[in-house]
Each structure stands twice: as structure tokens, then as C-alpha cells.
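Q: I would like to learn how to read a model residue by residue. Where do we begin?

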Amino acid sequence: MAGVDPALPRLPLDDPGLRTRHLLALPAGIGPDEVEVLAVSRFPAARWETRPGVPQQRAPGARGARGTGPTPGVLRVSRLSTLTGPYGVEPGEALSLGLPASTAVVYDAACPRERGERPYPGGDRDGLKRAFPDAVPVREEERVLLWLVAVARRLGGAVRTGERGTVLAPDIDAAIDLTVYTRGWLEPDETLAVVQQVLPRARLAMDGVPWTGPAPDAGRHARPGLAALGVPERGGAGLRDALERHGIEDEDLRRRLHAEAEAYDRAMLAEPPPQTGYGALVDLGVDGLLAIEVHGEDVLPPLLRELPWAKAGAVAYRVRWEPTDVEELELERPSFEHRVARGRAMPQVQAVARALHAAVGGEIADAADFLVNPADL
């Protein structure tokens, strides 16, 4: 029992059902309260049905009225699913389950077995397609597994899936995007000034060449016969034919519609509608781009929804990293070059999020909607 916390119950390795259920493995130093917060962050109604460490009492009248020792807690994450633990494990016991040797505690997840179709080709950042090659989890089981993987990524742990026993050890740095939620609205120039304090190369994404209307040889005026030569018409395939069939032939009506459109454009230029969103970009060269997206948000992380300032929605300042090869974002094990670029981009993402939070307040959330303490960035 060396190395096992004596205050924790032992993982019941003799339970025949243990290896058929999903297990969350975590390193030492992570208490059940932290797991509870992450559960509430995804499942707002999550609660302890039995708190960890509360000794079970013997039946009344039984010999000896004292408890039977520490017991695991039962955390109900939803109506159909629970998480039981923490259990203490030795390194050898962890290795027998294929878990990392650094595993100190394990939680046993019980949820419905719900499977869909075979996984589609493509990215598999969380590893679920690898773990379930015949039929991927859906509905409740998918929600629970995605949460378990997100918790393992946040806390440096691993997930052992039931049945096949595939172990998922998500990279703790795989998702570096951050979002600042607040009631404070900054105008584009104000946001740009905040970001430029950290990254002077930032520019507003709305910068660019203004649209001057369709190309003179597009649509109705496209040269006939282009499609027959294998050359697509400018303006979209079939646009010329559609205009010939459905366009307005009456010259007076067409002039009147043009005049109305021009009047509407002048009115919008004179009194433009309130801005609801904008963005900024930072060119990181070979490391890709940093995108800052600002817009109103009605769907907030569960932990924010009951805060007084967030009940009517919030302003979201999203700080996203976009590598040169975006497909690598969805790989469970991206290339070395991707990981190097991500490592260089991460502190810049964090610095921009810190600066925005200092300017507008509110809360910071990671890519899994788990809240982040600004002091930890």
C-alpha cells in the first residue's frame, strides 16, 4: 500500500464490471472539490449524492456502531450518469489497467452505453474514434466521455474507456484558445489598442479593399459559351442563365429598383446600424495567426449563467490560434512542428487574454468552457 493515501478507499480491482466502465485517472494533489467544479461547469445540476470520505454506518443494532472506514463519493453528473471516487491506486495497479504510472486517484464513471455509426474519416482530437472504431458513442455517453477527456486534459490525467480498455491521455496543451466573457464593450480601436500593448503587429480584421461591385464581365454580361469551353463563368456557375430566365427585363422597373437600393445604401452610410461584432488579427509568421473575435453571446458557460451581469448575455472576446495547417488542430497527436508553433503561440494567447480581462473585467474560460483564473495564465 506504499504511496496510496490511507484516507482514500482502494480501487475495487476485483469488481468484474470495473473494466467495462469508463475510468478517469488523475495525478496526486487534485481534490474532489476541483472535480466537482469541473462537473458543474459542464452539467449545471451536478451534485454529490454521497460526499467522499464520509464513513458508512453499520445497520442499527449491528455489533459495533462505528463506520467501516473511508468510502468513495458519488457525484451525480446527470439523471443517468454518476462518477464514483476518488479511489486510491498504486503505480502497479494503474499500470495493470494501462493507466499512466503517475496516476494517484481514479474515478469510476457509470453512464448508459449508447453507440451510433462507425466514425467518419477526419480529425480525432479527443481520440474517441480510435477508442471506438466500430461505433462511436452518442447522446449521454458521448457527453460524459467528452467531459471526462476535457477534465483529463485540464488536470493532466487520462481516461480508460470501457470494453476495449483504450487509454486516452490528451495533451494538456492541445487546446490553447481562451475567451473573456464580460459586460464591457470596447470599440474596435479600443480593443486594437489593448491588443497592441502586447502584440504591436495586431491590426483590425475589417481592414482591406472595399467591395466596388460585381466584375464587369460577371452574370448577364459574361461572355456566352464559357461553360461549354470548360471555363466557369465569373459570378458563379449558372448565374448568367439564371439572370436570363428570371432577371427583370423592364427598364423602368429596373431603374426604380436601382434607385431604391441606392437610397437605402445612402441611408445606411449616413446612420449605420450599431456594430455587433468585429475582429483583429496578429500575423505570427510561420506560427500562423492569432485571431481576436468580439461579439455578443447569448449561450454562456454554465457557471456564468446565473451571475447577475451575465443573465442577459455577455460580450465575448475570443482569442484563437490558427496554425498554418488548420487540420492539425483536430489530430490527437499532431506533428512536432505544430507542437513547436503552438508552444510559441500559447504565451501570446494568454497575454492577450490577460490584457483584455484587465481592460473589461468579467471571467476567462478555456476551450472546454472551464473557467480560468487570470493569475494562472
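A: Begin with one residue and its surroundings. Beyond its neighbours within four places in sequence, R153 is in contact (heavy atoms within 4.5 Å) with R125, D126, P170, D171, I172, A174 and A175. This is a predicted model: local features need pLDDT of at least 70, side-chain atom pairs count only at pLDDT 80 or more, and totals for chains, interfaces and linings use all residues. Residues are numbered from 1 along each chain as its sequence is written, and side-chain values use heavy atoms, with hydrogens and water left out.

Q: Which helix holds R153, and is R153 buried or exposed?
A: Helices (H or I, at least four residues) and strands (E, at least two) are DSSP runs, numbered from the N terminus. R153 lies in helix α4, residues 139-155. Buried means under 20% relative accessible area, exposed over 50%, partly exposed in between (1.4 Å probe, protein chains only). R153 has 11% relative accessibility, so R153 counts as buried.

Q: Which backbone oxygen does the side chain of R153 reach?
A: That of D171, at 3.4 Å. D171 is also among the contacts of R153.

Q: What confidence does the chain carry?
A: pLDDT is the predictor's confidence in each residue, from 0 to 100. The protein chain averages 86, and 83% of the residues score at least 70. Residues 61-67 stay under 50. The model has eight contacts beyond four places in sequence for that stretch. Where pLDDT is low, the predicted coordinates should not be read in detail.

Q: How many helices and strands are there?
A: The protein chain has eight helices and 14 strands. Of its 377 residues, 40% count as buried. Among contacts with a separation of 6 or more, 64% join residues 24 or more positions apart.

Q: In what order do the seven strands of the open sheet run?
A: Strands of a sheet pair through backbone hydrogen bonds, either parallel or antiparallel. Two strands count as paired if DSSP finds at least two bridges between them. Here the order is β2-β3-β4-β5-β1-β6-β7, with antiparallel pairing. The edge strands are β2 and β7 (167-168), each pairing on one side only.

Q: How many bridges join β3 to β4?
A: Four, and the two strands run antiparallel. β3 and β4 form a hairpin with five residues between them. R76 stands opposite T82 in β4. On β5 (residues 105-110), A110 also stands opposite T82. β4 and β5 pair over five bridges, again antiparallel. At the β2 end, β2 (residues 47-50) pairs with β3 (residues 73-76) over three bridges. There T50 stands opposite V74.

Q: Why do the buried residues of α5 line one face of the helix?
A: Take the residues before the geometry. In α5 (residues 188-198), P188, T191, L192, V194 and V195 are buried. Seen down the axis, they fall within an arc of 160 degrees, so they line one face of α5. That arc is taken over the directions from the helix axis to the C-beta atoms. On the other side, D189 and Q197 are exposed.

Q: What covers the buried residues of α5?
A: The cover includes β9 (203-204), β10 (277-283), β11 (289-297), β12 (314-322) and α8 (336-360).

Q: Where is P91?
A: P91 is in helix α2, residues 91-96. P91 is partly exposed, with a relative accessible area of 42%. S102 lies eleven residues away along the chain, and the C-alpha atoms of P91 and S102 are separated by 6.8 Å.

Key: Polar contact = N/O pair within 3.5 Å; in protein donor to acceptor, adjacent residues only side chain to side chain.
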